[in-house]
Amino acid sequence: MITKKILVTPGDGIGPEVTKQAIHVLKTVAPRFELQLELSEKPVGGVAYDLTGTPIPDETLEAAKNSDAVLLGAVGGPKWEPLDFSVRPERGLLKLRSELELYANLRPAVIYGDLVNASTLKPEIVDGADLMVVRELTGGIYFGEPRGVEIRNGERVGFNTLVYSESEIRRIAKVGFEIAMKRKKKLTSVDKANVLESTELWREIVTEVGKDFPEVELSHMYADNAAMQIIRNPKQFDTMVTTNMFGDILSDAAAMMTGSLGMLPSASIGGKNGMYEPVHGSAPDISGQDKANPLAMILSVGMMLRYSFDLTEADEMIQQAVVKTLETYRTDDIMAEGKTLIGCQEMGERVLQILEQK
Ligand code: NAD
């Protein structure tokens with residue numbers, strides 16, 4: 001048995017509802033893979049602000065740093081919207097990511113079974129698509145200096161800086177190749193090397209890092225073409241690595257071919273530990289009504305087992321249980337004709353039932 005410390009931060013809105021179901025799954029799967037869990041729970045987001053006056057109390061930050069992985073529900077809600085920007089729930093999340101030095105964001109876009117019909121794209125285009133976007137998360141144009149709005153020649157000018165150092169590119173490229181190695185060994189690096197010098201360097205460094213991963217088939221694609229290809233033929237991709245801003249846009253485009261926010265897990269890795277969370281927010285419109293889809297959160301647990309603890313089979317087991325559950329049961333967000341409508345808790349229980357039969 002190996003023991004791992006996991007910090008659970010359910011957060012606000014539907015966060016606690018979906019987290020509860022995901023923890024049940026985690027506790028069922030972990031022992032089968034000789035994994036012993038030390039779980040602790042701390043507040044983050046609006047709930048933390050109400051308790052302590054800050055969306056990320058030091059105690060939560062410390063616990064996150066001392067854990068092997070963090071499982072986060074969602075933060076935010078209308079109650080905290082009037083607050084000053086500096087203490088908004090979302091700031092807690094950003095601080096947690098930056099303090100943990102999570103520079104790589106992994107966003108899978110997978111079509112699960114007959115959810116193929118929930119996509120806005122034609123079934124034959126998306127059926128079987130399985131793409132992982134690896135997005136650089138702590139650099140690039142969102143953080144580059146100088147930035148701002150100032151008066152030049154009598155008018156206001158807004159400016160930002162797209163800057164990447166060699167070491168920043170190298171480390172995210174390495175993550176891209178490592179993820180590709182755990183998948184189909186095909187990596188597409190996305191840039192705009194034809195017009196941006198910073199991404200010309202990106203291309204050069206990614207190619208260099210590729211020499212250490214001879215088994216991975218590396219290709220390069222311009223961001224505009226990548227956006228088009230995701231919609232035209234997503235099945236051509238396996239793993240994609242790209243800058244912060246291109247990744248922000250392309251991961252959303254890729255995700256939407258799957259049809260629902262309630263199905264999308266994510267991982268942020270890079271530092272000594274990883275953070276795992278659904279892509280969706282706190283969904284205040286359905287919070288407390290047992291309507292939330294817990295599958296994004298359950299699939300985030302799968303990602304944690306795969307990427308933080310190297311338990312690929314455990315992740316596969318969870319994904320298969322999700323696919324099997326979807327054959328019969330659906331939450332409201334992914335409801336389809338001929339399926340049985342159930343709530344958040346029952347969806348968690350149905351997945352557990354299948355896992356228990358395995
Ligand atoms: P949202 O993702 O919370 O909700 C968007 C829509 O999708 C809503 O109609 C919601 O009901 C639905 N939805 C989301 N998750 C669902 C699920 N699991 N099951 C079923 N339906 C689901 O985005 P929003 O409404 O723009 O934001 C609400 C709050 O969440 C805001 O305060 C925002 O800042 C915050 N937020 C937090 C995160 C995060 O914690 N990572 C991400 C996005 C938004």
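1. By class, the second largest pocket is lined by 7 nonpolar, 5 polar and 4 charged residues. Here Ala, Val, Leu, Ile, Met, Phe, Trp, Tyr, Cys and Pro count as nonpolar, Asp, Glu, Lys and Arg as charged, and the others, Gly among them, as polar. The volume of this second largest pocket is about 360 Å³. Its lining has 16 residues, and Arg 91, Leu 94, Lys 95, Ser 98 and Phe 143 are the closest to its centre. A pocket is found on a 1 Å grid over the protein atoms alone, as an open set of points where a 1.4 Å probe fits, with protein on both sides within 12 Å along at least five of seven lines; lining residues have an atom within 4 Å of a point. Grid points are joined across faces, edges and corners, and the volume is the space filled by probe spheres set on them.

2. On the basis of the numbers: this is a predicted model, in which local features need pLDDT of at least 70 and side-chain atom pairs count only at pLDDT 80 or more, while totals for chains, interfaces and linings use all residues. Residues are numbered from 1 along each chain as its sequence is written, and side-chain values use heavy atoms, with hydrogens and water left out.

3. Which element gives the most to the lining of the second largest pocket? Helix 4 does, with 5 residues. Helices (H or I, at least four residues) and strands (E, at least two) are DSSP runs numbered from the N terminus. Domain 1 (1-107 + 260-358) and domain 2 (120-258) each supply at least three residues of this lining; the domain bounds come from an automatic or database domain assignment.

4. The largest pocket holds about 440 Å³ of space. Among its 20 lining residues, Leu 93, Arg 97, Glu 277, Pro 278 and Val 279 lie nearest its centre. Elements giving two or more residues to the lining include helix 4 (89-99), helix 9 (244-256) and strand 12 (274-278). Helix 4 has the largest share, 4 residues. The lining of the largest pocket lies between domain 1 and domain 2, because both give residues to it.

5. The ligand is surrounded by 21 residues (a heavy atom within 4 Å), which divide into 10 nonpolar, 7 polar and 4 charged. An oxygen atom of the ligand is 2.4 Å from an N or O atom in the side chain of Glu 90. Taken alone, the ligand exposes 800 Å², of which the protein buries 69% (Shrake-Rupley method, 1.4 Å probe).

Note on methods. Polar contact = N/O pair within 3.5 Å; in protein donor to acceptor, adjacent residues only side chain to side chain.
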